[in-house]
Amino acid sequence: MEGTKQNIVILGSGMVGRAIAADLSYDYNVTAVDIDKNNLAELEKTHSVKTVCANLGDVEQLNACIKDQDLVIGAVPGFMGYKTLKNVILIKKNIVDISFFPEDPFDLFDLAKDNNVTAIIDCGVAPGMSNLILGYHNARMDVKRFECYVGGLPFTRTWPFNYKAPFSPIDVLEEYTRPARLVENSRIVTKPALTDPEIIEFETVGSLEAFNTDGLRTLLKIDVPFMKEKTLRYPGHIEIMRLLRETGFFSKNPVQINNTFVTPLEFTSKILFPQWKLKENEKEFTVMRVIVNGLEGNKEKTYEYNLFDQYDKKTKTSSMARTTGYTCTAAARLLLSGKFDEKGLYPPETIADKPGVFQHIIDYLKERNIHYDLEEY
């Protein structure tokens, strides 16, 4: 019955936010909030979702948007993710969040617990499913090595970048500039982004190049001797991005041009983003490989998960929106059903061993034709 439906608000209606809203709209009363009316209009065309145009950086507007909701979903760009998450917790609302922000989310654990809030963070594809997979196996074996390779790419390669941004382009640029943290011999090691290139072969798409990015995040708290996360692009992309970075195009330090001050990053963004924007209904794919190796029952064991997902022509939903958004909606349903209700802040690896959680999310994704194929050896 309509009157018994729970209320969910999605903060951010970009490509992933819209997929989240659409997936949940069949079973819940969904409100989508964004500062961009065009994003909201896209959603209104196809789904029964209430839309609100608001500035989520304004606490009063944020409060007005979420005060009557049963659950909040955070899908804002990374630069405003931490502040938005903190404000939602202070307003005492449960939240599932996919924002990739640079701050340490564990700084908000006590705040969430004190405010009787359940917050599940980093609940996308990577971070997200990669965390869930490691957390699940780490509870069942002595993990010695964790590797994650992940990327979202267009099927059509267009010179010179051979790339389109399937999520917030400003977050993509952060991948090229933020130092990457890895674990080697049980020590956290920091390396520049775009380093340690290697070619990885995939049956579905052929050769891709991988490079260091700062994707381990909360996994750095887990005691595993070797861990790395790398981003995947078509071969040749690394060199172009290194050239732009090393010549200062990603700098945040203002430079004066005539009587105007502008940061090179702002300028570069204006040039790149139109070229990186996916065309309407453009086919793209997400590819990921997660390898967990260690000792299980005193025997060496390796679990390898491979994901290949592509644009859904029927629903006109991008692969990155599907693989990120539906992981988030699976977790949202866990909270709304009461199957997970512990107070505090939890990345996926910390809930992976709770009864039924891992299989619930894997099965939920399978129902939406997103398959993590498992090979054991």
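Phe-100, Glu-174, Glu-175, Arg-178 and Asp-214 line the largest cavity of this predicted model (on a 1 Å grid over the protein atoms alone, a cavity is a set of points where a 1.4 Å probe fits but cannot get out, and lining residues have an atom within 4 Å of a point). The lining has 1 nonpolar, no polar and 4 charged residues, where Phe counts as nonpolar and Asp, Glu and Arg count as charged. Its volume is about 40 Å³, meaning the space filled by probe spheres set on the grid points, which are joined across faces, edges and corners. A search of the whole structure turns up 1 cavity of 30 Å³ or more.

Before we move on, a word on the model: it is predicted, so local features need pLDDT of at least 70 and side-chain atom pairs count only at pLDDT 80 or more, while totals for chains, interfaces and linings use all residues. Residues are numbered from 1 along each chain as its sequence is written, and side-chain values use heavy atoms, with hydrogens and water left out.

Now let us turn to the sheet. Seen in order 3-2-1-4-5-6-17, its 7 strands form an open sheet with parallel pairing (strands are DSSP runs of E, at least two residues, and helices runs of H or I, at least four, numbered from the N terminus; two strands pair if DSSP finds at least two bridges between them). Strand 3 (50–53) and strand 17 (344–346) are the edges, each pairing on one side only. Strand 1 (residues 7–11) and strand 4 (residues 71–74) run parallel, joined by 4 bridges, and here Ile-10 stands opposite Ile-73.

Key: On a 1 Å grid over the protein atoms alone, a cavity is a set of points where a 1.4 Å probe fits but cannot get out, and a pocket is an open set with protein on both sides within 12 Å along at least five of seven lines; lining residues have an atom within 4 Å of a point.
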